[in-house]
Amino acid sequence: MLYQQIARNKRKTAFLLVIFLIILALVGGGLGYLINGEPLSGIAIALIGSLIYLFIVLQNPGNLVMSMNHGREIHEEDDPELWHIVEDMSLAGQIPMPRVFIINDPSPNAFATGRDPKHSYVAVTNGLRDKLNRSELEGVLGHEISHIRNYDILVSTIGVALAAVISFISSFASRIWWWTGSDRDDKDSSPLESILKVVAIIFTLILGPLAAGLAQMALSRNREYLADAGSVELTRNPQGLISALKKISNSEPMKDPDPSSAGLYIENPLHNRGLSSLFDTHPPTADRIKRLENM
């Protein structure tokens, strides 16, 4: 059951990344229609722009994220127990030891970031350190090490970058439409061409960014399920993570989390409830616990 769930989640991730690329191409095609009446130039702009932005973002994402979340790096002598748990989980996951950070916040939470397993970072809050026992800490840190081992830190960065490029293209296209849309002469276009242009424009301006946001949420939720399963694989103790998730979900929100980093945490640091939770980057805690109980 455990390994079947891991394989299934990996297939879902590959599918969602393909969906992301399709959305990017469609939005770029709509931009091409707006610029010069044909889609290929817009698709080329979207793909090249994404590659350039990814290259910039991936230079050193870990330091940037830790800075935005006020993380303070610690070493073995600062907290031997925490350090050794991270070290043990890293050895079990067969990855290099990540750099360890503490965030000064009473709400229990944690996240992993970086570019790849050789350039990875793990952060835990003071609240997590104070409120969880060793078994629960192992479950949470096993989850974060699984994110690193599965290259989720890279996948999430790619998802954020693609969504940002799609949003930028949509914003840029809306400005072009505002200034030139009413002046375009489509008298020489066939009815089918005119319909395709209208559909492309609507997708670029409205549906594309919405679809990208939904794909990013689905991608993030899927990777959370995968990391939960990975934690059980490393610790052989689903009860530790189950107990930790219950404590984290029932705690107070973090005081000053970086909103753009919310999807990285093991639990939404803002603790959104109600209708807003429909658009959350995290799956419901009850669903995660139910899956863990069935492993």
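Which residues does Leu-141 touch, not counting residues up to four places away in sequence? The legends below take this up in a predicted model.

**View 1. Surroundings of Leu-141.** Leu-141 touches Leu-82, Ile-85, Val-86, Met-89, Val-122 and Val-124, with residues up to four places away in sequence left out. Leu-141, Leu-82 and Val-124 are among the residues with the most contacts inside the largest nonpolar core.

**View 2. The largest nonpolar core.** This core has 31 residues. Leu-128, Val-140, Ile-145 and Ile-148 also belong to the group with the most contacts inside it. Helices α4 (80-93), α6 (134-149), α8 (191-235), α9 and α10 each supply at least two residues. So do strands β2 (99-103), β3 (110-114) and β4 (120-125).

View 3. A separate core holds 17 residues. Phe-20, Ala-173, Ile-201 and Phe-203 are included.

**View 4. Packing of α9 and α10.** The axes of α9 (residues 238-249) and α10 (residues 285-293) come within 10 Å and cross at roughly 170 degrees. The two helices are therefore roughly antiparallel to each other. On α9, the contact is made by Pro-238, Leu-241, Ile-242, Leu-245, Lys-246 and Ser-249. On α10, Thr-285, Arg-288, Ile-289, Leu-292 and Glu-293 take part. The contact residues divide into six nonpolar, two polar and three charged.

**View 5. The whole chain, for orientation.** Ten helices and four strands make up the secondary structure. Their order along the sequence is α-α-α-β-α-β-β-β-α-α-α-α-α-α. Of the 295 residues, 49% count as buried. The chain exposes about 14300 Å², with 62% of it supplied by carbon and sulfur atoms.

Notes: Residues are numbered from 1 along each chain as its sequence is written. This is a predicted model: local features need pLDDT of at least 70, side-chain atom pairs count only at pLDDT 80 or more; totals for chains, interfaces and linings use all residues. Side-chain values use heavy atoms; hydrogens and water are left out. Buried means under 20% relative accessible area, exposed over 50%, partly exposed in between (1.4 Å probe, protein chains only). Accessible areas come from the Shrake-Rupley method with a 1.4 Å probe; for residues, only the protein chains shown count as cover. Axes are lines fitted to C-alpha atoms, for helices over the stretch in contact, and angles run from 0 to 180 degrees between N-to-C directions. Angles under 35 degrees count as roughly parallel, over 145 as roughly antiparallel, 65 to 115 as roughly perpendicular and the rest as oblique. Contact means heavy atoms within 4.5 Å. Ala, Val, Leu, Ile, Met, Phe, Trp, Tyr, Cys and Pro count as nonpolar, Asp, Glu, Lys and Arg as charged, and the others, Gly among them, as polar. A nonpolar core is a set of buried Ala, Val, Leu, Ile, Met, Phe, Trp, Tyr and Cys residues joined through side-chain atoms within 4.5 Å.
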